[in-house]
Amino acid sequence: MNIEREPKMKRYGCLVLTIVWIILLVACSDGDKNNTGPIGIGAILPLTGELSSKGEARETALHLAMDEIDTYLGKANLGFKMELIIKDSKSDPEETLKQAKALHEEGTDILIVGSSAELTLLKSWSDSNDVVVISYSSTAPSLAVDKDSIYRVVPNDYQQAKALATLLSEQGIRNIIPVHRNDVYGRELSQQLIMEFKELGGKAGSPVIYEPGSTDFKLTVSQMEQQLENSELNPDSVGIVVFSFDEVVPIIEQADALNHVRWFGTDTTVLNSALINNNEAAAFAATVNFTGVTFGINDTPLYQEVQKKLQGKLKTQVIPDAIFAYDIPWMLVTAFENMDNPEDAVELKANLVELSAKYAGATGWMLLDDKGDRKYSLYDIWQVKENSSKVSWIKTAQYRRDPGLSGFITSVQN
């Protein structure tokens with residue numbers, strides 16, 4: 001009997017030791033997971049260059065979100081931390097790609113990036129390397145692609161074009177002269193607007209195109225003047241629509257002869273501080289009733305709270321881009337909380353569309369569509385006005401498009 005039991009006892013002893021070893025191994029693994037470094041979030045922002053007037057606001061918003069997140073994660077003890085790493089894109093897509101590759105080499109596989117031109121250049125590389133790229137402002141329709149690495153917390157320009165075309169029509173504009181920078185953003189939004197405007201019975205002249213990085217716009221302005229003169233149209237029915245970045249200022253400075261027609265802009269020019277901080281450009285914009293559309297945000301208590309904090313830090317009007325940028329790190333926190341491995345960018349890439357629906361932030365419900373773009377849209381309409389010798393942006397209306405209904409414009413109380 002003793003002879004038979006001895007091997008069993010040995011087997012039981014080995015089994016116990018094995019179980020203890022497994023428990024210790026799992027415990028050590030869990031400890032390692034909790035002690036790993038923070039998840040790097042790279043933000044490549046236009047701190048200099050053609051979009052620099054908006055870079056500071058976006059950077060400030062991201063820092064505000066990360067400060068709040070640090071406090072939240074410290075109390076929640078979720079087993080992960082986050083670190084924000086900011087680089088300057090210099091408003092140059094090539095520089096953005098360079099910085100993105102450097103961040104990837106250092107182990108950062110989640111990037112916050114802005115313009116459509118930057119995302120277009122990044123796309124092939126980010127798709128191949130499973131780098132998640134999230135934008136707070138890119139809107140080019142061509143970037144709406146199934147199951148790629150690009151995600152946008154704003155709606156694409158199919159909706160902005162509808163909003164702008166509706167605005168032009170309601171303002172009595174029957175003919176437009178499109179003026180756009182020669183990049184994916186300018187080309188695609190200009191084309192989409194022309195199509196939408198024609199569907200409403202409007203007419204469009206040939207687009208006037210200039211190269212990004214231009215500083216001399218004499219030829220651009222001359223082409224605009226020529227179109228207006230050759231058309232023999234009633235100036236009251238003509239609208240000049242510019243699809244530009246900060247270069248809207250030198251364009252306007254060189255366009256004195258076009259101060260008798262209406263001017264309109266898009267999300268990249270509306271609330272542009274460079275425009276109203278330049279005395280000559282501001283006076284011109286007020287004279288031509290410069291009006292445009294940009295992303296709208298429902299007036300919730302959380303939105304008001306974030307806007308107030310940012311205004312206190314920036315001492316100026318808060319651009320919608322900044323609020324959308326603020327929501328990105330918080331959306332990521334919600335996603336990480338629902339992932340098996342928050343550090344796995346491949347898992348994030350596979351599940352971000354689904355997990356986005358779990359987050360509601362300062363910009364509202366963050367529901368992305370199957371192409372990774374924000375599903376529901378709202379646009380605010382702003383106009384440059386002079387009051388008591390001060391020129392400023394004033395919100396005058398909203399464009400809404402309820403499910404199943406045509407879009408419509410409603411005025412707002414100031």
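**Figure 1. Packing of helix α11 against helix α12 in the predicted model.** In this predicted model, helix α11 (residues 301-314) packs on α12 at an angle of about 110°, and the two axes lie 11 Å apart. That angle makes α11 roughly perpendicular to α12. The crossing of the two helices is right-handed. On the α11 side the contact involves Y303, V306, Q307 and L310, which meet A322, I323 and Y326 of α12. Sorted by class, the contact of α11 with α12 comprises six nonpolar residues and one polar residue, with no charged residues.

**Figure 2. Packing of helix α12 against helix α13.** Helix α12 spans residues 320-337 and helix α13 spans residues 345-356; their axes come within 10 Å and cross at roughly 110°. The two helices are therefore roughly perpendicular to each other. From α12, the residues in contact are M331, L332, A335 and F336, while α13 contributes L348, L352, L355 and S356. The contact of α12 with α13 has seven nonpolar residues, one polar residue and no charged residues.

**Figure 3. Packing of helix α5 against helix α6.** Helix α5 (residues 157-170) and helix α6 (residues 184-199) have axes 8 Å apart and pack at an angle of about 50°. The pair is therefore oblique. In passing α6, helix α5 makes a right-handed crossing. The α5 side of the contact is formed by D157, Y158, Q160, A161, K162, L164, A165, L168 and S169. The α6 side is formed by Y185, L189, Q192, L193, E196 and F197. By class, nine residues in the contact of α5 with α6 are nonpolar, three are polar and three are charged.

**Figure 4. The open five-stranded sheet.** Five strands with parallel pairing form an open sheet in the order β2-β1-β3-β4-β5. Its edges are strand β2 (82-88) and strand β5 (150-152), each of which pairs on one side only. On average, neighbouring strands of the sheet are turned by 25° against each other, direction ignored.

**Figure 5. Pairing of strands β1 and β3.** Strand β1 (residues 39-45) and strand β3 (residues 110-113) are paired in the parallel sense over two bridges. G42 has L111 of β3 as its bridge partner.

**Figure 6. Helix α2 across the sheet strands β1, β2 and β3.** Helix α2, comprising residues 52-76, lies across β1, β2 and β3. Relative to β2, helix α2 runs at about 165°.

Figure 7. Counting side-chain nitrogens of Lys or Arg within 4 Å of a carboxyl oxygen of Asp or Glu as salt bridges, the count comes to 13 salt bridges.

Definitions and conventions
Residues are numbered from 1 along each chain as its sequence is written. This is a predicted model: local features need pLDDT of at least 70, side-chain atom pairs count only at pLDDT 80 or more; totals for chains, interfaces and linings use all residues. Side-chain values use heavy atoms; hydrogens and water are left out. Axes are lines fitted to C-alpha atoms, for helices over the stretch in contact, and angles run from 0 to 180 degrees between N-to-C directions. Helices (H or I, at least four residues) and strands (E, at least two) are DSSP runs, numbered from the N terminus. Angles under 35 degrees count as roughly parallel, over 145 as roughly antiparallel, 65 to 115 as roughly perpendicular and the rest as oblique. A crossing is left-handed if the near helix is turned anticlockwise from the far one by less than a right angle, and right-handed if clockwise. Contact means heavy atoms within 4.5 Å. Ala, Val, Leu, Ile, Met, Phe, Trp, Tyr, Cys and Pro count as nonpolar, Asp, Glu, Lys and Arg as charged, and the others, Gly among them, as polar. Two strands pair if DSSP finds at least two bridges between them.
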